[in-house]
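Reader: I would like to go through this structure term by term. Please set each value against its definition.

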Amino acid sequence: MLAMNYRGPYRVRPDFNKPYPELLHPGDAIVRVTRSCICGSDLHLYHGLVPDTRVGMTFGHEFTGVVEAVGSEVQRLKPGDHVLVPFNIACGVCPFCTQGLFGNCHESNPEATAVGGIFGYSHTAGGYDGGQAEYVRVPYADIGPEIIPAGMDPDDAVLLTDVFPTGYQAAEMGGIRKGDTVVVFGAGPVGIMAAKSAWLFGAGRVIVIDHLEYRLDFVRTYAQCEAYNFRSLGDPVLFIKKTTDYFGADVCIDAVGCEAAGSAMQTITGRKMLLQAGSATALHWAINSVKKGGIVSIVGVYGPTGNLIPIGNVVNKGITIRANQASVKRLLPKLIDHVMSGRVKPSDIITHRIPLEEVADAYQIFSSKLDGCIKPVLIPPSANA
Ligand SMILES: NC(=O)c1ccc[n+]([C@@H]2O[C@H](COP(=O)([O-])OP(=O)(O)OC[C@H]3O[C@@H](n4cnc5c(N)ncnc54)[C@H](O)[C@@H]3O)[C@@H](O)[C@H]2O)c1
Ligand SMILES: [Zn+2]
Ligand SMILES: [Zn+2]
């Protein structure tokens with residue numbers, strides 16, 4: 001079958017002869033993929049920043065498809081079902097899953113003390129092949145996959161596997177109260193959905209910071225928020241303080257993660273010399289521009305090793321930091337309702353629809369932010385099978 005194949009940093013290619021996945025456990029399903037996105041998280045893999053990313057691996061943790069086969073213990077799914085598959089691989093019964101912490105499952109990854117299992121996300125996250133392929137093995141098939149509701153746009157469905165839930169959880173973890181000023185760092189797919197979600201929690205003012213004008217233009221309209229280019233703000237922290245009567249924002253959301261731009265020191269030590277796990281510039285800004293007693297919500301991804309962050313300011317300002325991988329499964333019922341009611345249309349962020357055969361170009365376009373790219377979707381030949 002056709003699948004994306006990782007060859008090393010900045011090198012991916014289509015593999016036309018990857019063996020078909022097989023049922024390895026009675027709880028597995030095989031899904032024929034119909035859509036598969038590339039995520040900002042895949043860029044961390046593509047750039048060689050995630051430990052134990054092995055050559056030959058197939059990425060892809062945001063996909064929809066049709067159930068092709070199920071193991072003998074699977075009860076909820078049957079061949080022919082159209083499903084969206086959350087990016088977290090979760091057992092559903094461990095002490096973490098039973099608390100709704102599906103992103104922190106203790107069973108789906110041998111490295112479980114570090115992170116739960118994730119499709120196509122290195123051996124650090126379990127070594128599972130992902131959905132940028134024609135077929136994929138889905139473990140714990142009774143737990144994660146959700147049958148796509150009748151009438152749902154399949155493009156909305158694929159964005160329910162990660163991006164909308166992650167943006168929503170970013171806002172939820174911010175503990176937003178009515179009228180709060182919320183600053184979102186990052187106008188990528190996740191930041192855009194976080195800004196949109198902030199209003200659902202009652203924010204009074206939503207400000208998005210990035211440096212890509214085309215994304216700022218998009219989010220201004222899509223999420224009806226203020227949006228500023230940090231390159232023209234001078235010091236973004238000072239700007240946020242000034243615009244909040246020198247109190248600081250009530251809630252700051254880091255939707256950038258470990259490849260942030262904007263600080264030469266962070267970029268050199270974190271991304272060039274690898275002396276820390278990437279550059280934590282956005283997190284710095286979030287901590288320094290939130291008000292005393294405020295909340296910093298982190299969904300941007302950081303590696304397992306350390307970053308230089310101003311922990312003293314966290315202590316002295318009494319900041320609460322909340323962070324996690326999104327718990328997609330827990331959020332789905334609510335978010336499906338938002339989509340079906342028309343309150344949120346996540347698929348508006350899709351800018352590119354690229355055949356899986358052209359996966360190398362797709363990564364380059366998304367990584368280099370070319371051609372106005374916000375969210376690319378890969379369409380495998382199996383979509384038309
Ligand atoms: N926690 C989770 O469950 C989860 C799920 C999905 C994605 N993520 C992570 O969320 C982050 C964003 O994902 P995405 O798909 O939107 O990625 P993306 O790369 O498309 O977007 C990141 C955006 O941040 C902007 N940026 C760079 N430096 C900045 C700075 N200093 N301040 C403000 N903006 C800055 C970039 O210009 C870009 O628009 C990534 O780290 C990704 O790994 C986490
Ligand atoms: Zn993702
Ligand atoms: Zn579990």
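**Ligand, fold and sheet**

Author: Around ligand 1 there are 33 residues, the closest being Gly40, Ser41, Gly188, Gly257 and Val301. The model is predicted, so local features need pLDDT of at least 70 and side-chain atom pairs count only at pLDDT 80 or more, while totals for chains, interfaces and linings use all residues. Residues are numbered from 1 along each chain as its sequence is written, and chains are lettered from A and ligands numbered from 1 in the order in which they are written.

Reader: What makes a residue near a molecule?

Author: Its C-beta atom, placed from the backbone, must lie within 6 Å of the molecule. By class, the shell around ligand 1 has 17 nonpolar, 13 polar and three charged residues. Ala, Val, Leu, Ile, Met, Phe, Trp, Tyr, Cys and Pro count as nonpolar, Asp, Glu, Lys and Arg as charged, and the others, Gly among them, as polar.

Reader: Which helix gives the most to the shell around ligand 1?

Author: H1 does, with four residues. Helices (H or I, at least four residues) and strands (E, at least two) are DSSP runs, numbered from the N terminus.

Reader: Why is the protein chain called as compact as a globular protein of its length?

Author: The protein chain has twelve helices and 17 strands. Its radius of gyration is 20 Å, close to the 21 Å that the globule rule gives for 385 residues, so the chain is as compact as a globular protein of that length. The radius is taken over C-alpha atoms, and the rule is 2.2 Å times the number of residues to the power 0.38.

Reader: How do you know whether asparagine 104 is buried or exposed?

Author: A residue is buried if 20 or more other C-beta atoms, placed from the backbone, lie within 10 Å of its own, exposed if 12 or fewer, and partly exposed in between. Asparagine 104 has 21 such neighbours inside 10 Å, so it counts as buried. Asparagine 104 lies in the loop between strand E6 (88-89) and strand E7 (117-118).

Reader: What makes E12 and E15 edge strands?

Author: Six strands form an open parallel sheet in the order E12-E11-E10-E13-E14-E15. E12 (226-229) and E15 (320-323) each have a single partner strand, so one side of each is left without a neighbour in the sheet. Two strands pair if DSSP finds at least two bridges between them; E11 (residues 205-210) and E12 have four.
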